[in-house]
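Please open the structure in a viewer and keep the sequence beside it.

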Amino acid sequence: MINKFYNNLIVQSIFLMSILIIMGLFIPNWLVFVITKAIAYGLVALGIVTLMRGGLVSFGQGFVFAIGGYTAGLLGTQAGLTDAILLLFISFLFTGFVGLIIGPLLARYRDIFFAMLSLAFSMVLYGVLIKIDAIGGSDGFVLPESTYFGILPSTEYADYMLYLVSIILSGIVSILLRYYYNSTPGLIALAVRENELRVEYLGASAFTVTVLNFTIAAGLGGMGGALNGIALGHIDPEFSYWTTSGEFVFISILAGYLSVPAVFLAALLLELVRSFSGRYFPDTWQLILGVFLILSIIYIPTGIGSFFKKFMDKLNKKKNK
Amino acid sequence: MTNANYILRAEGINKSFGAVTAANDININIQSGEKVSLIGSNGAGKTTFMNMVTGYLKPDTGSIIFENKDITQLNPRQITQKGISRSFQIPQIFEPMTAWENLLVALGTSKKKHSYFKSAKSQENADYIDEILNRFALNEFAHRQVSELPGGVRKLLDIAMALVRKPKILLLDEPTSGVGSEEKYPLMDTIAKALSGENLTVIFVEHDMDIVQNYSDRIIAFYSGSVIADGNSKEVLSDSKVQEYVTGKTKLKAN
Amino acid sequence: MFDEILTIFLDGAIYASWLFIVAVGLTFVFGVLKILNIAHGGIYALGAYSAATIVPIFYTLGLPEEFVIIAMLFSALAVAIVITPIMERGLLRRFYGQDEVLIVLVTYAIYLVLEDVQKLIWGMKSFYVSEPREILGGVEMGSLYYVGYDLALIGLAIFCGLTLWLTLNKTRSGKIVLAVIHNPEISGCMGVNINKVYLAAFFVGAFLAALAGSFTAPLISVQVGISVAVVIESFAVVIIGGLGSIPGAVIGALIIGMARAACVHKFPEAEIFIMYFCMAGMLIFRPKGLFQGAQARKI
């Protein structure tokens, strides 16, 4: 029964990925770009969702987002490394490592203190980045064009190639995270969220769970940052700014922690709202985002993931009957 | 009998919270397999004692020895890993999960190594959980969210979770409090049945003297942070100090 | 040498006073309502804009110059009167008792809305209203020269802090607020109208934010984006001092104010992130701030 679940999950994911990959050839270029950015943001938000499952919300994911972005950018400009897949992977590993170092420091804190301390980290980084002129200061710098397995795609296909890579990447990440969420440590994380003391009294360490989640979140945040940097072709200290972090939190709250695909959907919603209001109401985009945020917290407090889950539960019940 | 034969020893424990003395030179030795009940009015120091044994509180002076190892300075997790589990007066269970999932968490925490790519809901785990559910007569509640379950069932689940790890000592903090008086005895019967068959040392806090008499082979009476009597139920319950400070009051309360 | 120390001290004190007025409102609202209000910065900006609007009107009316202070006071009051019912009654009330982090996100959303509301009302242009800054003249201290208005900010901060503290500890309604802070459920059972206390507390917080904005207007160019720094800096203050603690806000403001003034004069490169270092350091060594535990709860 469990193997069947995973087989189904993988088949469904591959099916969905194929549709999106084919769809990418026919949709307008701006939408390809928007989806790629949504995946970048979605990856970071998935990190927050992973933390949320353990009861924590980070208000400073801009920290790892920026580290990931700058890692990819500096490898590109300084070391001449332009392979997108390699850059994404290295950023993931590097920020994951940073997460592993900082995680134990932050894992002692809860609630608002955790949120604020993570915010402080991201703002320190912001302060440092705008001061270092060697890497562009507050203007940031431009990334070289990305290659894929040594090939530089023509301009018309550059966006699509990155789209292709990010679709496959998000598919793999989603499947792996589902495995983790359903595993014993993933379940213990949910228990930590509910009652940390009891988890300790059952003999497990809430601290370890939190550090693990933090490391995963950091890695994903870095990967998202690298993807966002490559997609934009440019990075700057704004990556680490608190309003950027706020957007990630928004996506994860909108999605809820029950469903992985919901996170990408929420990210896409945000990106669409951003690009539409950017086009039609350029001066009031924050107002629209704010109202959107308030409405979604009021009307779907458990996130759109809860709809997904209800739907899947119903589907499973029907199958069983 | 030498000290080495005791599974748990509390030696010269003192603990105070500001001006309140919660433990005053407590010395208790417990043998493996004993069923010990702790009695005393509220604030007598029973729960404080339990909290010190499980590492939630640290004694000001004195030490707690489990299987000849000093565990005084260990934290609750380390003590649980060594083999002392506990249940709580107010069940500490994971509210949005089902009873089955609660036990799955308990089972997960009892294992040293985890696979991150294997579902927690494996057949092997499922079989073990079904067995535990059976023992505690919880089968019919298995797949219900625990926040909806009646008080007695929640109590049982709390104890079942503590037992999953197969501890050597199990501490129960008022296992029958918070349930109706008709429910108390069936509940205690279920608990006793579930705990029987293993050489498990059980220490429990209880206010109902009938339950204390029926289910324990040793009673320790607390008053104002001190142990005022320690022995079999006849000795302790006929002790004049116990009658004055503990049972008298309890009876008044019951009335 | 002595001049330098004095400069750092006075600059620090002026900056700390400004920080304190903003942060004490934030910490007070957190103490009573358990809401860390990001939109506090937005209210500050509204205060600054409203002063920037009222002050020129005041001067065109040709009223006696000294009364401009009162006009600024009223502009802050007006902001608080308008914003409190909308935010507290209209929105935040729905979320009481929910997860703190979720409420932070709600106030973040309100902050975003306020940012654009400022743009919609006042546009993108900058306002300069430096006239009130001249009414108090200047003070010469050896080779140093300080504007009287700036030094008066120190007095204003002390006045705000003392008034709030005395009201809380020495008056009947203050004690009711303290009771609510200590335990809202029990206070509610004992007949305290909690909703009213929350509304009043939010009003006080909003007023202090707007007041800081309004009295800062003469010192700065009032323009888009002034609220951001306020949010982060007042957060740093309350994190350092301990959320919900008034003495904590004093100490937090002084630490950041002095550290920043010292940086400006000694290590200008570090100016931008000194405060984050203070904040991160405090969280690492004393996560609940200097005035933690019982103090923080009691205010």
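The model is predicted: local features need pLDDT of at least 70, side-chain atom pairs count only at pLDDT 80 or more, and totals for chains, interfaces and linings use all residues. Residues are numbered from 1 along each chain as its sequence is written, while chains are lettered from A and ligands numbered from 1 in the order in which they are written.

**Stop 1: the sheet of chain B.** Which strands form the open sheet of chain B, and in what order? Four strands lie in the order β2-β1-β4-β5, and their pairing is antiparallel. Strands (E, at least two residues) and helices (H or I, at least four residues) are DSSP runs, numbered from the N terminus. Two strands pair if DSSP finds at least two bridges between them. In general, strands of a sheet pair through backbone hydrogen bonds, either parallel or antiparallel. Select β2 (20–31) and β5 of chain B to see the edge strands, each of which pairs on one side only.

Next, select β1 (residues 6–17) of chain B together with β2(B); these strands pair in the antiparallel sense over 8 bridges. Within this pair, Ser16(B) stands opposite Thr21(B) in β2(B).

Stop 2: Select Glu67(B), in the loop between β4 (61–66) and β5 (69–70) of chain B. Its phi is near 50 degrees, a positive value in a residue other than glycine. Most residues other than glycine have a negative phi. Glu67(B) is partly exposed, with 16 other C-beta atoms within 10 Å. A residue is buried if 20 or more other C-beta atoms, placed from the backbone, lie within 10 Å of its own, exposed if 12 or fewer, and partly exposed in between.

**Stop 3: helix α5 of chain B.** Is α5(B) largely enclosed or largely open? Of its 14 residues, 12 are buried, so α5(B) is largely enclosed by the rest of the structure. Among the buried residues are Val153(B), Leu157(B) and Leu163(B). The buried residues of α5(B) pack against β6 (84–86), α3, α4 (123–135), β7 and α6 (181–195) of chain B.

At 1.5 Å a residue, α5(B) should span 20 Å, and its end C-alpha atoms are 20 Å apart, which agrees. The expected span is 1.5 Å times one less than the number of residues.

Just after α5(B), select Lys166(B), which takes a positive phi of about 55 degrees. Lys166(B) is found in the loop between α5 (151–164) and β7 (169–173) of chain B. Lys166(B) is exposed, with 11 other C-beta atoms within 10 Å.

**Stop 4: where chains meet.** Show chains A and B: 27 residues of chain B are in contact with 21 residues of chain A, contact requiring C-beta atoms, placed from the backbone, within 7 Å. On the side of chain B that touches chain A, α3(B) gives the most, with 5 residues.

Finally, show chains A and C, whose contact takes 32 residues from chain A and 32 residues from chain C. On the side of chain A that touches chain C, α5(A) gives the most, with 13 residues.

Definitions and conventions. Two residues are in contact if their C-beta atoms, placed from the backbone, lie within 7 Å.
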